[in-house]
Amino acid sequence: MALEYRHELKYVVAVQQIECLRSRIRSIMPLDRYAGEKGKYNIRSVYFDDYRNSCYLENEDGTSPREKFRMRIYNADSKEIHLELKRKDRGKTHKDSCILTETECRAFLNGRGLSDSQEKQALLRKFCIKYKAELYRPKVIVEYEREPYVYRNGNVRITFDMDIRSSNQIDSFFEKKLFTRPIMPSGYHLLEVKYDEYLPDHIYRSLQLDELYQTTFSKYYLCRRYNIGGVKKYGF
């Protein structure tokens with residue numbers, strides 16, 4: 001079965017640009033129902049890589065296709081943990097996901113892994129194989145606040161990902177408070193535009209701003225680079 005891919009466009013935006021874009025988008029797209037009263041939620045992901053840092057280096061080289069595994073929680077809540085495999089191919093993305101228990105998640109975080117995954121979901125079996133055969137281990141935590149908007153036609157999703165930050169405190173993945181370091185200059189955040197086959201014209205027009213340019217941007221790569229190479233801010 002052929003994989004279904006989505007378009008994923010990324011833009012580095014300043015606070016002033018967010019204010020302008022938000023005022024336009026709110027009139028045509030509702031907030032995601034999971035955003036809650038504050039209109040946003042916290043996302044925390046721990047990313048895995050092998051002993052050769054293959055995912056990091058493929059990201060650096062722009063290899064296509066490429067894949068990476070992560071475990072994700074929302075609002076630092078351990079009740080719902082997602083194991084996700086994100087695949088990128090020629091500018092489009094595909095994501096597979098399954099639910100983990102906290103016990104399973106902690107087993108991968110502390111280096112034990114699972115002893116028997118024969119009856120588990122296919123995605124978890126694939127991850128277990130890589131965990132054992134390629135020594136996949138947790139490398140970095142990526143955390144940020146997401147303000148999400150959705151639109152049914154075209155399955156459009158527009159998000160402002162703010163205060164993107166990294167941490168190497170893997171053992172504290174489930175802690176409410178996590179020591180993190182920002183990876184962006186003060187006042188800059190990330191706009192993501194995701195859709196299936198097409199982006200409706202009125203949404204496209206609402207995103208047109210002077211000095212708003214599409215860019216390649218990987219939260220994982222920048223957070224890893226920050227930890228691997230010391231303090232290296234995203235350049236403009």
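Which residue just after α3 takes a positive phi? In this predicted model, the residue is G111, whose phi is about 95°.

Residues are numbered from 1 along each chain as its sequence is written, and side-chain values use heavy atoms, with hydrogens and water left out. Because the model is predicted, local features need pLDDT of at least 70 and side-chain atom pairs count only at pLDDT 80 or more, whereas totals for chains, interfaces and linings use all residues.

Helices (H or I, at least four residues) and strands (E, at least two) are DSSP runs, numbered from the N terminus. Helix α3 covers residues 102-109, and its buried residues are E104, C105, A107, F108 and L109; here buried means under 20% relative accessible area, exposed means over 50%, and partly exposed lies in between, with a 1.4 Å probe and protein chains only. The elements that cover these buried residues include β2 (41-49), β3, β4 (77-89), β5, α4 (122-133) and β6, where contact means heavy atoms within 4.5 Å.

Strand β1, which spans residues 6-14, is mostly covered, with eight of its nine residues buried. Strands are taken as paired if DSSP finds at least two bridges between them. By that rule β1 is joined to strand β5 (residues 92-100) by two bridges, and these strands run antiparallel, while eight bridges join β1 to strand β9 (residues 188-195), also in an antiparallel arrangement.

**Salt bridges**

Side chains of opposite charge can pair when their charged atoms come close. The structure holds 25 salt bridges, each defined as a side-chain nitrogen of Lys or Arg within 4 Å of a carboxyl oxygen of Asp or Glu. The table gives the pairs and distances for some of them.

| Salt bridge | Distance, N to O |
|---|---|
| E147 and R22 | 2.8 Å |
| D89 and R90 | 3.3 Å |
| R146 and E192 | 3.6 Å |

In the salt bridge between E147 and R22, E147 lies in strand β6 (residues 137-151) and R22 in helix α1 (residues 15-25), so the pair ties together parts that are 125 residues apart in sequence. E147 counts as buried at 5% relative accessibility, and R22 is buried as well, with a relative accessible area of 12%. In the pair formed by D89 and R90, D89 is buried, with a relative accessible area of 16%, whereas R90 is exposed, with a relative accessible area of 74%.

The side chains of R146 and E192 also meet in a salt bridge; R146 lies in strand β6 and E192 in strand β9, so this pair ties together parts that are 46 residues apart in sequence. Both residues, R146 and E192, are buried. Salt bridges that share partners join E8, K10, K86, R146, D161, E192, K194 and K219 into one network.

**Pocket and cavity**

Rolling a probe the size of a water molecule over the atoms shows where empty space is left. On a 1 Å grid over the protein atoms alone, a cavity is a set of points where a 1.4 Å probe fits but cannot get out, and a pocket is an open set with protein on both sides within 12 Å along at least five of seven lines, while lining residues have an atom within 4 Å of a point. Grid points are joined across faces, edges and corners, and a volume is the space filled by probe spheres set on the points.

About 1300 Å³ of space lies in the largest pocket. Of the 46 residues that line this pocket, the closest to its centre are E8, R70, K86, E192 and K194. The lining of the largest pocket divides into 13 nonpolar, twelve polar and 21 charged residues, where Ala, Val, Leu, Ile, Met, Phe, Trp, Tyr, Cys and Pro count as nonpolar, Asp, Glu, Lys and Arg as charged, and the others, Gly among them, as polar.

The structure holds one cavity of 30 Å³ or more, and the largest cavity is lined by C55, N59, R66, E67 and K68. The largest share of this lining, three residues, comes from β3.
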